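Here is a short briefing to read alongside the model. Take a look at the structure first, then follow the points below.

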Amino acid sequence: MERVYLDNNATTLVDPLVKEAMEPFFTKMYGNPNSLHSFGTEVRPYMGLALDRLYAGINADDEDDIIINSCASEGNNTVIKSFYFDSVLNHKKVQMITSSIEHPAVSETYEFLEKLGVDVKWLPVNADGIVDPDELRKAIDPDKTSLVSIIWANNETGLINPVKEYGEICRENGVKLHLDAVQAIGKIPVDMQEVMADYITFSAHKFHGPKGVGGLYIRRGSTITPLMHGGEQMAGIRAGTVNTPYMVGMGLALELAGKNLDFENTEVRKLRDKLEDAILDIEDVEVIGDRNIRTPNTILASFRGIEGEAFLWDLNQNGIAASTGSACSSESLESNPTFVAMDIGADLAHTGMRFSLSRYTTEDEIDYTIDVIRKSVKRLRDISSTNSKEYI
Ligand code: C6P
């Protein structure tokens, strides 16, 4: 076995069909789509096709907007800061609500707004790792709350929040809802006629598209004050020359992800469950969250007595790529936000390991991984018990 990639929540392999579809836009059809000459105009139908695929992929209405940007972090910053800008422009103090299990692209943006004086309410999670709709209902003050931002599917655990209910609660109270849909898209159905969110954000590289391109969905009737000024691209909401090859790639990637949703839900889930069952067979191991309410590709397991960093290193030595948490905070030794939010004890806080599969994961790879995990856990536990005996 050469290498096994089980860190698909960090990023994914670009589907070869996507790469092929992007190619002509680097050296042949490289015109600026805003130019009036043929080099510019010939690109536009392909952008239209990409947009059609994105609209279809999330079942957006023709009247809704999808803004192409650089990534979900940009989309999350755009939505949250837009509400802050509006409060400044309207001389109105607002309250905003988020949860304690957000990706840093949301949580750190809110922490920054707190420094600017914004009142931010942080919703807890329940024992199942879910943001309880009742907590949201209680936290909303219809006179003050302007925006609610909640993660659709958590990147560490894969736990899926009841977003449909959030949509109903926000509607009842006249409050806008923003969902970080990065880990939902391509893994579970995302249907904007079902879920009444006003804004959702996503990144192409999580569903076998290229890195550095993402989308911001805006429901009709909702507005955005731009984060980036300086051009009329994207209806004036996001200035900057559109990255046409990547937009084309993202459109096709989402279409292919849609076609593979059943496969994710059956075949990827089967392999995930096989790995999870084998992990749970090991003594003193806990998997966070009920597998039936998780994305079908994700496991966050806690291996008691094994330090996450050492385990990660051992897996890597055997060619297996996993992750102790989200890739962008993996260098910090702090506990994963999920462990903190779920009040999982300090003894387990540094022992978490995330395994995230994709439609490219094979059964042979899972069998090999199971074998390596068993041996590695035994070896690391033997080492730590020998070391602790030396100190007795
Ligand atoms: N999570 C992970 O290892 P960007 O980097 O902007 O494409 O995506 C940011 C982002 C936002 N929200 C969620 C829920 C995410 O999972 C991510 C990316 C990766 O978990 C890399 S930190």
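Predicted model: local features only at pLDDT ≥ 70, side-chain atom pairs only at ≥ 80, totals over all residues.

**The ligand and its surroundings**

Sorted by class, the residues in the shell around the ligand are seven nonpolar, eight polar and three charged.

**Around the ligand**
- The ligand is surrounded by 18 residues, and S73, D180, S203, A327 and C328 are the closest of these.
- Where does the ligand sit relative to domain 1 and domain 2? Domain 1 (4–11 + 261–384) and domain 2 (16–258) both contribute residues to the shell, so the ligand lies between them.

**Polar contacts and burial**
- S73 has a side-chain N or O atom 2.7 Å from an oxygen atom of the ligand.
- In the side chain of K206, an N or O atom lies 3.0 Å from a nitrogen atom of the ligand.
- A72 takes part through its backbone: one of its polar backbone atoms is 3.4 Å from a ligand oxygen atom.
- How much of the ligand does the protein bury? On its own the ligand exposes 510 Å², and the protein buries 92% of that area.

**The two domains**
- The domain assignment divides the protein chain into domain 1, made of residues 4–11 + 261–384, and domain 2, made of residues 16–258.
- Between the C-alpha centres of domain 1 and domain 2 the distance is 28 Å.
- The contact between the domains involves 27 residues of domain 1 and 30 residues of domain 2.

**An annotated span**
- An unreviewed UniProt entry lists residues 254–288 as "coiled-coil region".
- In the model, what is the helix and strand content of residues 254–288? The span is 74% helix and 9% strand, and its end C-alpha atoms are 28 Å apart.

Key: Residues numbered from 1 in each chain as written. Heavy atoms only, no water. Near = heavy atom within 4 Å. Polar contact = N/O pair within 3.5 Å; in protein donor to acceptor, adjacent residues only side chain to side chain. Areas by Shrake-Rupley, 256 points an atom, 1.4 Å probe, with all protein chains shown as cover. Nonpolar A, V, L, I, M, F, W, Y, C, P; charged D, E, K, R; others polar. Domains from an automatic or database assignment. UniProt positions renumbered as here; feature names shortened; annotations may be inferred. Helix = DSSP H or I, 4+ residues; strand = E, 2+ residues; numbered from the N terminus. Contact = heavy atoms within 4.5 Å.
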